[in-house]
Amino acid sequence: MIAILAKDLRTELRTLQSLPAMALFAVTTFVIFRFGLDRTALSGSLAAGVLWVTLLFAAILGINRLFVAEREEGGFDAIRLAPIDRTAVFAAKATALLVYLLALELVAVPVFAIFFLDSAAALPPLALALLLADIGLAATGTLISSMAVNSRARDLLTPLVLLPLAVPLSIAATGAIEPLLGVGGPAYDRFGTWLAVLGLYDLIFLLVGYAVFDFLLED
Amino acid sequence: MYGKGLKPLSIATVAALALSLSLVFFYAPLDADQGFVQKIFYLHVPLAIVALLGFVAGGVFAIAHLRSGDSKWDAYSYVSIHMSVIFGVAVLITGAIWAKASWGHWWVWDEPTLVSFLIVFLMYATYYPFRYAIEDRDRQARYASVFAITAGAFVPLNFMAVRMAESLVHPRTFATAEGGLPAEMMLTFLVSLGATGLLWTTLVKFELTAKSASGQLKRLRRALDAPPSGGSSRVAPEVS
């Protein structure tokens, strides 16, 4: 698992295929929101919505590319031949995706704060909520991406299937983020409850991914 | 071979539907609040319950398929989800009619049951493009099963999240409404629920029979080495 993860991260570092595109996409989307909403500052539900939607769509760019190298270079066959547990592939790929998402947020969230927020006080709890949301997104994203990459319409299929699947995650994530970005500094209105929902989502889809991933690599 | 018992089942379904409709119109009392419009409740709620159970059944069949590798279960799973999506369209339409009549709007965003059902419906609507985008038949069946299981885990989670997003603002209308149902209404509702369940089962059986027949036909044609007439690439799973 560590080997696959290290391979993925090294490839990404050397080729820089996904990450710069994701970050650039996020920043540009913020600019578009600035004019689309005609606001120079955001707070509350609007801020949570803009931040989460941008991160989710930027994440989809990366999720789309997650297994492309494997498919194009025949990595799937190599994995099938290797005497390893197939679920290790799931764990490695999900971790790699999680690292991408965290790197994306490392760029996108500060930019968002500079663009739209008055203070940075909300950032530490925000990071916690986003981390939990990212784990869930990494689990479902890896699952969907590994299936979509073997289909005819792969770039089309990932957002199509992933977006409805991410609705509960979005509800919980924006629910947690919204009070943090309120006008009078961060509030913790039902913050713990939403974190619990995010954790439950993570747990369920990590377990589902662990259970079914074997069947996706069979051939 | 799926055709066995189809006739008695169909007759039972027609009889149950007739019974439930006559109960709805001649036996169940008019709702004091909403009047005649409330009777759509006997159509809408059973459809919704049966559709959701059908999605769950699709997930259970998918687990059976992955465990046994028997493509029969994949066909069951496919047909269950297919039928539930069709029922889901009916649920959304009857729900919109009811909402217009009792709340004055075609769509109400702060009713968690409505919103959750829409999201679940959208989720399962992607089952078709997903399935047909995969060419290899074995792989298609396997991936579709994985989808059905993932979506099955998603249904309760989604209901919980949507309900929590609204629970502080809105009372749970459905939970309280059903607890306080008078006996005549409850009986009518249960009969309607049974009839709708029978309808679902019969339609699923019909579709499985049709699929198995066309699959057999295709195999026979292939055996005769004749070119198939008008076959599309978007064929649903074959049943042996």
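Select chain A first: its secondary structure amounts to 10 helices and 0 strands, where helices (H or I, at least four residues) and strands (E, at least two) are DSSP runs numbered from the N terminus. This is a predicted model, in which local features need pLDDT of at least 70, side-chain atom pairs count only at pLDDT 80 or more, and totals for chains, interfaces and linings use all residues. Residues are numbered from 1 along each chain as its sequence is written, while chains are lettered from A and ligands numbered from 1 in the order in which they are written.

Keep chain A selected and follow its sequence, which reads α-α-α-α-α-α-α-α-α-α. Its radius of gyration, taken over C-alpha atoms, is 18 Å, close to the 17 Å from the globule rule (2.2 Å times the number of residues to the power 0.38) for 219 residues, so chain A is as compact as a globular protein of that length. The C-alpha trace of chain A spans about 55 × 35 × 30 Å along its principal axes.

Next, turn to the contacts within chain A. Two residues are in contact if their C-beta atoms, placed from the backbone, lie within 7 Å. Of the contacts in chain A with a separation of 6 or more, 84% join residues 24 or more positions apart.

Now select chain B together with chain A: 24 residues of chain B are in contact with 24 residues of chain A. On chain B, α4 (112-125), α5 (127-132) and α6 (137-166) each supply at least two residues of the side that touches chain A. Highlight α6(B), which provides the largest share of that side, 14 residues.
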